[in-house]
Amino acid sequence: MSLIVTLLGCNTLKKVGDDELLLTKNTLYADEEKITDSDIKSLIAQKPNSTVLGYPLRLNLYNLAKDNPDSLFQNWLHRKEKREKRLNNLLSKKQVHRLKESFLVSGASEFLKRIGEPPVIIDTTLTNKSLERLEAYYNSKGYFNNSGAYDIVTGKRKKRAQLAYKITLQKPYIIDTVQKNITSPQLDSIYGITTENSLVKAGEQFDLAKFNQERERLTSLFRNSGVYNFQESSISYDILRDTSLVADDQLMDVQLNIQRPRSANDTSVNNNVYRVNRFKKINIYADYLIGGNPDSLQSVDYDNYTIFYNDELKYRPKALTDAVFFEKDSIYRDLDRIRTYRQITNLNTFRYPNIEFIPDSTQTELTSNIYLAPRPKFSLNLNFDVTHSNIQQVGTAFSATVITRNVFGGAETLNVSARGSIGLLSDASLSDETFTSEIGGDVNITFPRIWFPLNTEKVIPYYMLPQSRFLVGTNFQRNIGLDKQTLNTILSYNWSPNTRLKHTVELLNVEFVRNVNPDNFFNVYQNTYRSLDDISDDFQDDPQYASFFEDTNSIVDPLRLTIPEGTTDFTEAVLNNEIPVSAEQRNEVNSVEERRQRLTENNLIFASNYTFSKNSKTDINDLDFFQYRVKLESAGNLLSLMANVVPYNENDNDQLLVFGVPFSQYFKTEFDFIRHWGIGNSSVLAFRSFMGLAVPYGNSESIPFVRSYFAGGSNDNRAWNAYELGPGSTENINDFNEANFKLAFNLEYRFPIAGDVKGALFADAGNIWNVFDSENNPDAIFSGFSSLEDIALGTGLGLRYDFTYFVFRVDTGFKTYNPAREGSDRWFRGYNLRNAVFNVGINYPF
């Protein structure tokens, strides 16, 4: 071990000269108080080499690169007599020259340098630059008399040193008075109304950031109060120091200056003052073409708007005017401009619009021209995918979508899609066939408004980007599980009050699932079959039950139950007390039969749900944000209420039937919370928590399989495969384990390794349980806080490659705490690569 450490240490210092020092750490003190603020520390120009878990990986990769690979190759080529001549005869002189330039010779070194990182040598020029930055920062906070120094701290390890920056702050300056000099009387009046909201106030410490924020506040205030052309550059501050005061009185006077607007062509101030502007006329060009002749257009006036078009107006006037938030005789507001851009884009019928404002000679009235360039009426999207799963060795999928815009003249969008796939089964024993197939299609129409009998405009105005979606789809599956046919219908609404909030209401979500091949149940659910077959072993030699079994020609298990006749007959005989089994065995057979009935029965889900989500992320580069989602869903209530009016049929379990199928009735709630912390050097600490509960009642004793929860997989607990974990402390008793209550917690540390390659360390905790349903296995039921000891823990590491548009990731998970085991065997049992679970995914799991 000491030899490895020595070699690593030598490699770290390989390219550090004898009179140079490798920077290992920066520390920063302000008035002897250690500063940990990452924003302040980012001002330091020289930072130590990046590390991965404390190891300078990129530095050592850089050190592996050869400094002069061409010279090394030439030395090797001429080290032995006649080597060059033999290579020339073998490869040709031209190919030997190419070998020198190849990746293996010089390209490898260039690659290592590109993904690596040169040693950070302490440079006093950069150190002084860092001091200047720090002094300037504290100047911006009012410490105008601050001073800085630094120390180079060397330790016992050779050629290494730390830098300690020390800032002496002195007393801060305080704002004594705030005066104003505003050239425009109208701006002066607007400013006076909102003086109490000013961020620059007397009695507070000078802070340049607040001055910048106040300039932004005033710019937004004026531009939303009618001044369409207000420029932030018109705002300036004069800082005055009263020299008559004693030195210890760190007081200053501030004067706010708002000058006249500057000319568009130069920086000189013109003679006009800023004025409040009102809209005199609003023009909408519905068929705008660059370079077209506007004189040839026809026009129509609608609700104080003038709409220009070619030949024939293809849009209902209201659909266009509802997307524009400027109104005649109203003052200009920048907020209305932004909302107009968003809503026109939301129509999905026009390209990004162009909005023009033309003032009149008095500089008080505006003409607005809104140019709309239409997208193509029709477009076609094609997709082709190659897939792999635990069911299919390889599969191909093809889909096509025809998009039709402005279907009814109100900017509606109609999508008609078809899809199909074919794949090779991983386990041919699951079916008589070796191939799977799937075909389906959807018809989806989107309205850029709330499509509802009642007027919702006052509650959900158009600036909230309302949309209505109506979808009808169907899907046919063969040789996958029980061969399913599904039919689904969705009527949903969504709207966004701002860029961070979103509401979604699915007023109608109907899904009908028909299992075409229920007799294939025991072929698909092999674990369930083995449980039943093991119980039947005691009766294999009894002649009266011989019809239940078939000869397997196996020494280990010579006879087994036939599917489906043998399994059905054996189950009925046990439950009718025709076969003498123990009470425990009878309960297990009953459990198997209940599960078979639940998973083979057809489902009718008639649900409604509401989802609220909030996201504080400002842009793609924001590494410090949170988001959460709350969802409430109810199913079957409307059909249940209709039972007093409609004479439903009933099955043997007293369940009400619609079209011969018992409808599902349940209430479901979910809460999902995600938090990211940026912790410097592009590293991120990401956390997620999830809780979901679905409670059956009325017409249902359990939750439909398609609405239940599972644990494990690449986006959940990565130490278990999907459907493998739980419920509770049960050990993978079924092929597809599911339940109606779920808790999940994930913590992941993400860090850069080299270039676009990133790494992660993660810990995933959680499980699923049954609660308030028909399950009777105590190990699978959540019975209170004591059941929390069944929360599984998986830890591991991952690699990611960032392709900019998406991230490809590979995660390796280890079962750290397995609730299916007993006592101390729960911890770190099988914590090795042989028992690890490998997951491949696209993009981050949360």
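## Terms and model

Helices (H or I, at least four residues) and strands (E, at least two) are DSSP runs, numbered from the N terminus. Two strands pair if DSSP finds at least two bridges between them.

This is a predicted model, where local features need pLDDT of at least 70, side-chain atom pairs count only at pLDDT 80 or more, and totals for chains, interfaces and linings use all residues. Residues are numbered from 1 along each chain as its sequence is written, and side-chain values use heavy atoms, with hydrogens and water left out.

## Strand pairing

Strand S18 (residues 484-495) runs antiparallel to strand S19 (residues 501-515), and twelve bridges join them. The two form a hairpin, with five residues between them. Leucine 491 faces leucine 508 of S19 across this pairing.

S19 also pairs with strand S22 (residues 603-615). That pairing is antiparallel, over eleven bridges between S19 and S22. Here phenylalanine 512 has leucine 604 in S22 as its bridge partner.

## A three-stranded sheet

Three strands make an open sheet in the order S24-S25-S26, with antiparallel pairing. Its edge strands, S24 (649-650) and S26 (661-662), each pair on one side only. Strand S25 (residues 656-658) meets S26 in the antiparallel sense over two bridges. Leucine 657 stands opposite proline 662 in S26.

## A nonpolar surface patch

Phe378, Leu380, Leu382, Phe384, Phe398, Val402, Val416 and Val443 form a nonpolar patch on the surface. Together they have about 790 Å² of accessible area (Shrake-Rupley method with a 1.4 Å probe; for residues, only the protein chains shown count as cover). Patches are made of residues with over 30% relative accessible area and no salt bridge; like charges are joined within 9 Å, nonpolar side chains (Val, Leu, Ile, Met, Phe, Trp, Tyr) within 5 Å. A salt bridge is a side-chain nitrogen of Lys or Arg within 4 Å of a carboxyl oxygen of Asp or Glu.

Strand S13 (378-387) and strand S14 (392-405) are the elements that give two or more residues to the nonpolar patch. S13 gives the most, with four residues. Valine 402 sits in strand S14. Its relative accessible area is 40%, so valine 402 is partly exposed (buried means under 20%, exposed over 50%, partly exposed in between; 1.4 Å probe, protein chains only).

## Backbone in the loops

Two peptide bonds to proline are cis. One runs from isoleucine 563 to proline 564, with omega near 5 degrees. Proline 564 lies in the loop between strand S21 (559-561) and helix H15 (565-575). Another runs from glycine 726 to proline 727, with omega near 0 degrees. Proline 727 is in the loop between strand S28 (684-696) and strand S29 (741-754).

Lysine 159 is not a glycine, yet has a positive phi of about 60 degrees. Its loop joins strand S3 (147-154) and strand S4 (160-168). Leucine 465, also not a glycine, has a positive phi of about 55 degrees. It is found in the loop between strand S16 (435-447) and strand S17 (467-478). Leucine 465 counts as buried, at 14% relative accessibility.

## The largest pocket

The largest pocket holds about 1,400 Å³ of space. Of its 47 lining residues, the closest to the centre are Ser591, Glu594, Arg595, Arg598 and Ser774. Helix H14 (526-536), helix H16 (583-600) and S26 are the elements that give two or more residues to the lining. H16 gives the most, with ten residues.

On a 1 Å grid over the protein atoms alone, a pocket is an open set of points where a 1.4 Å probe fits, with protein on both sides within 12 Å along at least five of seven lines; lining residues have an atom within 4 Å of a point. Grid points are joined across faces, edges and corners, and a volume is the space filled by probe spheres set on the points.
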